[in-house]
Amino acid sequence: MTDPVIEVQGLTKRYGTLVAVDGIDLEVIRGEVFGLLGPNGAGKTTVLECLEGIRRADAGQIRVAGCDPQADTKTLRSKLGVQLQVSSLPDHMRVREAVSLVCAWHGVSVRSGLRLIQSLGVESLMNRMYGRLSTGQQRRLHVLLPLLVDPEVLVLDEPTAGLDVQSRLELHLQIRAAQSRGVTVLLATHDMAEAELLCDRIAIILHGKVVLCGNPSDVALAGSQTTKVRIRTANDSLLPGLDLPGAVFTGASYGYLEWQSTDVADTLIELLNHVKGARDTVEDLRVERSSLEERFLQVVEGVSKP
Ligand SMILES: Nc1ncnc2c1ncn2[C@@H]1O[C@H](COP(=O)(O)OP(=O)(O)OP(=O)(O)O)[C@@H](O)[C@H]1O
């Protein structure tokens with residue numbers, strides 16, 4: 001690995017007797033989109049807040065773009081863009097004024113900020129008052145404002161929560177565009193599909209510890225020995241529970257029969273021979289490895305040890 005932009009070693013944060021973050025190590029490489037996943041209360045926001053300098057860690061070392069978030073606050077401010085999990089602006093502030101405020105805070109010229117925001121697709125909202133924006137529009141604004149300063153590192157806490165499908169896709173494009181400009185992105189999300197699509201690497205956090213880390217598809221497949229085979233035929237000629245080589249029948253639903261297979265080729269050959277022998281036709285056939293969501297649930301529910 002080369003050029004880490006975020007380096008975290010042994011990060012620990014307690015709230016009273018509760019250990020919210022328990023000795024986390026993380027490394028985010030320049031230019032990657034890195035996702036933090038975990039159930040509610042796992043410690044994701046606390047990690048992000050320590051990186052942003054909003055919270056002081058009880059132990060551990062943190063470097064963000066070469067800065068110690070507690071000691072180098074001014075330098076970090078010019079390098080870091082942040083979208084907090086809960087953000088708000090005064091109801092009567094216009095979007096244009098919010099843009100000016102963020103530019104002034106970061107020492108960026110308002111003209112260049114306005115130019116950038118036009119390219120981010122919210123120019124139609126510029127004269128609207130914050131309090132009159134829909135929840136989704138407010139959320140989009142809070143993700144786009146930190147992009148105004150073209151930060152070296154962008155930290156997003158559940159950026160697409162509550163957004164409709166189109167807004168979510170648009171934001172994904174903005175995040176990808178930021179990445180292609182060289183911005184390193186660290187985001188917390190509950191959306192597994194988003195993590196699979198958007199993130200180069202992810203870490204699953206559980207009870208304040210990183211329990212799995214890697215490329216989303218590697219994480220999804222880790223520990224999974226089987227492949228799901230699902231089939232639906234026109235005449236329902238296949239019998240539920242049919243014995244297939246290398247496979248265990250796992251159920252029937254919505255016209256589909258499903259097996260977990262450890263030898264997909266043998267299972268499929270036999271399955272299709274059955275269909276042909278009964279002069280039936282295949283309406284749908286799906287061969288699926290374990291999804292990130294399935295793997296996440298296994299880890300979180302302790303079904304399989306990480
Ligand atoms: N200011 C605080 N004071 C006391 N406890 C806190 C505080 N902030 C968070 N916690 C606790 O620390 C733990 C981690 O919280 P955190 O918000 O970091 O989790 P999270 O993974 O971001 O959760 P979510 O997905 O629900 O946002 C939780 O048990 C939470 O109740």
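This is a predicted model: local features need pLDDT of at least 70, side-chain atom pairs count only at pLDDT 80 or more; totals for chains, interfaces and linings use all residues.

Q: Which residues of α10 are buried, and how wide an arc do they cover?
A: Helix α10 runs over residues 292–300, and its buried residues are Leu292, Arg295, Phe296 and Val299. Looking around the axis, they sit on the same side of α10, because the arc they cover is only 100°.

Q: Which residue just after α10 takes a positive phi?
A: Step just past the end of α10 and check the backbone: phi there is positive, at about 70°. The residue is glycine 302.

Q: How far apart are the end C-alpha atoms of α9, and what span should its residues give?
A: Helix α9 covers residues 264–277, which makes 14 residues. At 1.5 Å a residue, counting one less than the number of residues, the helix should span 20 Å. The model agrees, because the end C-alpha atoms are also apart by 20 Å.

Q: Which residues of α9 are buried, and what arc do they cover?
A: The buried ones in α9 are Thr267, Leu268 and Leu271. They lie on the same side of α9, because around the axis they cover an arc of only 95°.

Q: Which residues are exposed on the other side of α9, and which strands are included in what covers its buried residues?
A: On the other side of α9, the exposed residues are Ala265, Asn273, Lys276 and Gly277. The cover over the buried residues of α9 includes the strands β10 (227–233), β11 (247–253) and β12 (256–261).

Q: Is lysine 228 buried, partly exposed or exposed?
A: You can find lysine 228 in strand β10. Leaving out residues up to four places away in sequence, it touches Glu258, Gln260 and Glu288. A residue needs 20 or more other C-beta atoms within 10 Å to be buried, and 12 or fewer to be exposed. Lysine 228 has 19, so it is partly exposed.

Q: How far apart in space are lysine 228 and tyrosine 130?
A: Along the sequence, lysine 228 and tyrosine 130 are 98 residues apart. In space, going from C-alpha to C-alpha, they are 48 Å apart.

Q: What separates the centres of domain 1 and domain 2?
A: The domain assignment gives domain 1 as 4–221 and domain 2 as 227–288. Taking the centres over C-alpha atoms, the separation is 44 Å.

Q: Which element gives the most to the shell around the ligand?
A: The ligand's surroundings include Tyr15, Leu18, Asn40, Lys44 and Gln85. The shell divides into four nonpolar, seven polar and one charged residue. At least two residues each come from β2 (18–29) and α1 (44–52). With three residues, the one that gives the most is α1.

Q: What percentage of the residues in the protein chain are buried?
A: The protein chain has 10 helices and 13 strands, and its C-alpha trace spans about 75 × 45 × 35 Å along the principal axes. Of its 306 residues, the buried share is 36%.

Note on methods
Residues are numbered from 1 along each chain as its sequence is written. Helices (H or I, at least four residues) and strands (E, at least two) are DSSP runs, numbered from the N terminus. The arc is that of the directions from the helix axis to the C-beta atoms. Two residues are in contact if their C-beta atoms, placed from the backbone, lie within 7 Å. Domain bounds come from an automatic or database domain assignment. A residue is near a molecule or strand if its C-beta atom, placed from the backbone, lies within 6 Å of it. Ala, Val, Leu, Ile, Met, Phe, Trp, Tyr, Cys and Pro count as nonpolar, Asp, Glu, Lys and Arg as charged, and the others, Gly among them, as polar.
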